[in-house]
Amino acid sequence: MRKKLKIGVLVSGNGSNLQSIIDACKSGRINGEVTFVGSDRPGVFALERAEKHGIPNFVVDYGEELKKLKRAGSIIGANIAPKDYNFNDILKKLGGTLAVKLNKSKLASTALIESLLLEEMAKYQYDLLVLAGFMRLFTPYLIDKINVNPYMPKIMNIHPALLPAFPGTDGYGDTYAFGCKVGGCTVQFIDYGEDTGPIIGQKTFSIPEEYNTVKKIKERGLPVEWELYPECIQLFAEGRLQVVDRTYKGKIKKVVEVLPSDCKIDNYQLFGR
Ligand code: GRF
């Protein structure tokens, strides 16, 4: 049997997806263990869940760190960024748009907070970083430190819609607003964009007429997420997720192919320390 997958989880809120992952590890649906839970906000219920299960946990309070930087009057550009931060490199990776250029100081301060997060996470072992309702976008500064090989990404996210429809922070709200007859969720590896990374798995649910509120759609959707996320993590644990380039009409995109169960690649353990 393969070594247990070490899973680091980041959260921002309730943590029902975290719970589904903890439960799946306990029941053996995932051959793995959660080695830490980190939050960008203090006092969230997800941290209580971690405590209850004896999982080490920590907070890197993005809001407070940003306030500290502002109080120090130091949001003046790249000089507040981590030592190994290279703005031009980040700009290139983000497509070099004007919007990105204008946000130079925001990017630098975010990278600084990401360096604190990396420092905390480095205290634990993890083969895979799982975002479970973590409501922050990473910059390439953090992403590249974890995804050292672009064909072996190691950061997974779950999104409450069928991507590429409805990216952003309100997947269930958008599903409701558009009167969709089917809703769904997507697990993907993250890339530099917002909800644009290679798709690992998707599940759908029907939306009958009487499910005419966002709350009801969410109530129907969340249990589907709790099924999908552990399934995708277990595919990773089995070494069955392969990232390949797909070309269509001249455009190249990275996509995930799910390998048959007898065909496994060594796509993790790189972090094993
Ligand atoms: C989920 O709907 C997830 O898809 C989205 O944020 C929500 C988190 O819920 N990214 P929970 O904290 O796991 O209960």
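Student: Which residues of helix 3 meet helix 6?
Tutor: Contact means heavy atoms within 4.5 Å. From helix 3, Y62, E65, L66 and L69 meet S109, L112, I113, E114, L116 and L117 of helix 6. Those contact residues divide into 7 nonpolar, 1 polar and 2 charged. Here Ala, Val, Leu, Ile, Met, Phe, Trp, Tyr, Cys and Pro count as nonpolar, Asp, Glu, Lys and Arg as charged, and the others, Gly among them, as polar.

Student: What should I know about the model and its numbering?
Tutor: It is a predicted model, where local features need pLDDT of at least 70 and side-chain atom pairs count only at pLDDT 80 or more, while totals for chains, interfaces and linings use all residues. Residues are numbered from 1 along each chain as its sequence is written, and side-chain values use heavy atoms, with hydrogens and water left out.

Student: At what angle do helix 3 and helix 6 pack?
Tutor: Helices (H or I, at least four residues) and strands (E, at least two) are DSSP runs, numbered from the N terminus. Axes are lines fitted to C-alpha atoms, for helices over the stretch in contact, and angles run from 0 to 180 degrees between N-to-C directions. Helix 3 (residues 62-71) and helix 6 (residues 104-121) pack at about 130°, with axes 10 Å apart. That makes the pair oblique, the class left after under 35 degrees (roughly parallel), over 145 (roughly antiparallel) and 65 to 115 (roughly perpendicular).

Student: And how do helix 1 and helix 9 pack?
Tutor: Helix 1 (residues 16-27) and helix 9 (residues 214-237) make an angle of about 45°, their axes 9 Å apart, and they are therefore oblique to each other. In helix 1, S16, N17, S20, I21 and A24 meet L222, E225, W226, Y229, P230 and I233 of helix 9.

Student: Is A132 buried or exposed?
Tutor: Buried means under 20% relative accessible area, exposed over 50%, partly exposed in between (1.4 Å probe, protein chains only). A132 has 4%, so A132 is buried. A132 lies in the loop between strand 4 (128-131) and helix 7 (140-146). Leaving aside neighbours within four places in sequence, its contacts include V9, N17 and Y229.

Student: How many disulfides are there?
Tutor: A disulfide is a pair of cysteine sulfur atoms within 2.5 Å. The search of the whole structure finds 0. For C180, the nearest cysteine sulfur, that of C185, is 14 Å away. The sulfur of C185 is 8.6 Å from its closest cysteine sulfur, in C232, which is too far for a bond.
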